[in-house]
Amino acid sequence: MPLRDYIEKAKEVLDKNWTGEYTVPSVHLYPHQWNWDSGFIAIGYSRYNMERATRELLHLFEAQWKNGMLPQIVFNKNALGRYFPEPDFWQTDLSPNAPKNVLTSGITMPPIHGYAVLKMYENAREKDRLIPFLKFIYPKIIKLHEYLYLERNPDDNGLIYIRHPWESGMDNSPMWDPVLNRIDITKVKIPEFERKDNKIIDPEQRPKDIDYKRYIYLVDIFRKNRYDEKKIFEECPFIVIDPLFNSILCASNEALVQIADIIKEDYKKPEEWFLMTARAVRDNLFSSEKKIFFAYDYIQKELIEVETAAGFMPLFGGIASTQQALKLYEHLDSLSFCRLGEKNCFAIPNYDKKKKDFSPHNYWRGPVWININWMLYQGLLRYKFKQKAEHLEITIMELPMRFGFYEYFDSFTGKGYGTKDFSWTAALFIDLAYDMYEKSEKKWETRSFGKEIILNINGEHLPVEDVEEIKKDFFCLTGKIIEKYTRNGTVNYDAIRLSPEYKLLQNTISKFANKDILKFDSKEEEMAFWINLYNMMVIDAIIRLNIQGSVKEIEGFFTNIKYRINGKDYSLDDIREILRKFGDKRVPFALVKGTNSSPPLRLFTKKNIKSKLNSAARDFIRSPEVIILPEEKKILISELFRWNEHYFKDKDEIINFIKKYVKDDTKREFLDKEDDIEIRYLLYDWTLNG
Ligand code: 2M8
């Protein structure tokens, strides 16, 4: 399995950053434990080392404040002096709520923990063994949320505010500029301080000094007020409702409901919280005109109309209504962020690319971040934008494979920036790579019928008046089924089963059983017919044989299940043979096998066949089934190429074919010029695309 080498590299990053108790984000730049980083890291660990995953979160929650706040940083007493600001600056001992024997900062971060714990449970092989951990951590997460709903919910409507840009996790996001700019650093007193970060990382890639002055000014307000939330609320000039923070909170509330169900706790609280926050975000932060959610400046009482990736996060939180989701999608899939098939664009940059102050390399002001894209990936899957989700999936995997496990990546070239060997990049890579790996390794219990099954012979003796009419019906019904019951590569088999179109299609295909009935008026029509028939036969078989998990459940799915056409019986493999005679390399990418690795269904007609074959091949080449790694001189491709050796006899044929559909300049140049490309095969995911 070619991904294995990269999984090992990612694990090495986490090993290097593991302190024995928790994982630092990176040894040099961030030598302590960070709040939301640990959530993402635990998700990665839960794929292969559950003990570390649980210890990661347990260590973090040991630092929980008495009022429930979970601090942004838990300091390592033995690593002090390398980061700024550290405990001497925060002086959290001024607060009666700070824990006694643990050193922490005095702010919090996006509450990803409920969500992370549920993911851990889902990934656990021995689920029962995780129950004691769930029981232990659940009340602590509830306490954290309680703190947010009690102390940070000024209008009691579920919109939770943050009081420092560091609490958003997107420190120097352009979204915070209008609020921070109101702090006139010439007029306020800012304590003396010395930054450490810009001595380790190129200052061009980090926040500016003026930003830090404002960050520090805010911390000074907190400590002067002894971390008393009410007093801070009165004095702090940065009180902001962040769509990212609130979306993550919703995702965690939703997860807590499920965890409560698993450990038999009452789930009313998280359920109410979820509904309240989701509604408030939906009703107050969305701009229908700008097609994005904005942050809200609580002091000015206005939306902060700055478009960043945070504005798409209600997809992750399950907050967006269907209408809102469609608008978000339009915006996300535009040149402002990253359009499918757009040249040289890597996933979703953190800021609208069209803005004058967009920067492809400065921290949260433009680059691509893996955690943000990972959450967007989950959100797109949730709202069934499968193709776009897959695009993010490849990028999340490809960026570290090509450029290293960096903190963030150039949105145009993919170059890695910030610190290298960054933990959440490695952890979330592991999460996706395992997902791919496990799905393709999955074994299905098989059923065998021991003989051929002919799906359409009940109509063999039906009188057929006008063959042209039946052909027309066939194309028309196929089109309707695709249009109405499939979306973005997923098929709603249950809806098809009950639909009138399916009944009519079965009837129509039955009529083709009659001897010598079908004639084609052109090569195009014949090709289109067989491709559609293949795809409809897969659907028909899945429905009739009541396949739940994968076509692999049926022994001989491709050889023993048949349609009688013109008096002869054809299996799926036989239809592939018929199609071979057309010698068109794009055909394998038009045939859908009812699997997750299959391309989306399309209707082929004699008129559209050329363009549809093209888009089928193009979409496949640009899906996670083909991963091109120029820096590694490697391509990882679907086994589909191997199964179609008659079309792709050697490496050159494969490379020349792929090259036609690649947009990215670097990749095309690599395929063009490099003589020594290594090809490795990705296993096929046979899970049903239902
Ligand atoms: C960055 O933030 C810290 C302050 O929290 C910093 O710049 O020193 C952010 O990217 C944040 O989201 C992240 O959690 C942290 C550690 O990776 O670094």
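Let's start with strand β14, residues 561-565: 5 of its 5 residues are buried, so the strand is largely enclosed by the rest of the structure. Buried means under 20% relative accessible area, exposed means over 50%, and partly exposed is in between, with a 1.4 Å probe and protein chains only. Strands here are DSSP runs of E with at least two residues, helices are runs of H or I with at least four, and both are numbered from the N terminus.

Two quick notes on the source. This is a predicted model, where local features need pLDDT of at least 70, side-chain atom pairs count only at pLDDT 80 or more, and totals for chains, interfaces and linings use all residues. Residues are numbered from 1 along each chain as its sequence is written, and side-chain values use heavy atoms, with hydrogens and water left out.

Back to β14. In a regular strand the side chains alternate between the two faces of the sheet. So what covers the faces here? Look at the residues. Ile561, Tyr563 and Ile565 sit on one side of β14, Lys562 and Arg564 on the other, and all are buried.

Now its partners. Two strands pair if DSSP finds at least two bridges between them. Strand β11, residues 453-454, runs parallel to β14, and 2 bridges join them. Ile453 has Ile561 as its bridge partner in β14. On to strand β15, residues 568-571: β14 pairs with β15 in the antiparallel sense, over 4 bridges. Arg564 stands opposite Asp569 of β15.

Next, two helices. The expected span of a helix is 1.5 Å times one less than its number of residues. Helix α16 covers residues 386-403. Its 18 residues reach 26 Å from first C-alpha to last, close to the 26 Å expected. Buried or exposed? In α16, 17 of the 18 residues are buried, so this helix is largely enclosed by the rest of the structure. Gly404 follows α16, with a positive phi near 105°.

Helix α18, residues 467-485, has 19 residues. From first C-alpha to last, α18 reaches 27 Å, close to the 27 Å expected. What caps its N-terminal end? Asp466 does: a side-chain oxygen lies 3.0 Å from the backbone nitrogen of Glu468. The buried residues of α18 include Ile470, Phe474, Leu477 and Tyr485. What do the buried residues pack against? Among the partners are β12 (486-487), α20 (500-511) and α21 (523-544). Contact, by the way, means heavy atoms within 4.5 Å.

Cysteines now. A disulfide is a pair of cysteine sulfur atoms within 2.5 Å. The count comes to 1 disulfide. Cys338 is joined to Cys345, S to S 1.8 Å. The link is right-handed, with 55° about the S-S bond. Both Cys338 and Cys345 are buried. Cys236 counts as buried because its relative accessibility is 2%. Cys476, at 42%, counts as partly exposed.

Last stop: Thr687. Thr687 lies in the segment after β18 (678-682). At 18% relative accessibility, Thr687 counts as buried. Leaving aside neighbours within four places in sequence, the residues in contact with Thr687 include Lys439, Trp444 and Asn596.

That's the tour. Questions, please.

Notes
Polar contact = N/O pair within 3.5 Å; in protein donor to acceptor, adjacent residues only side chain to side chain.
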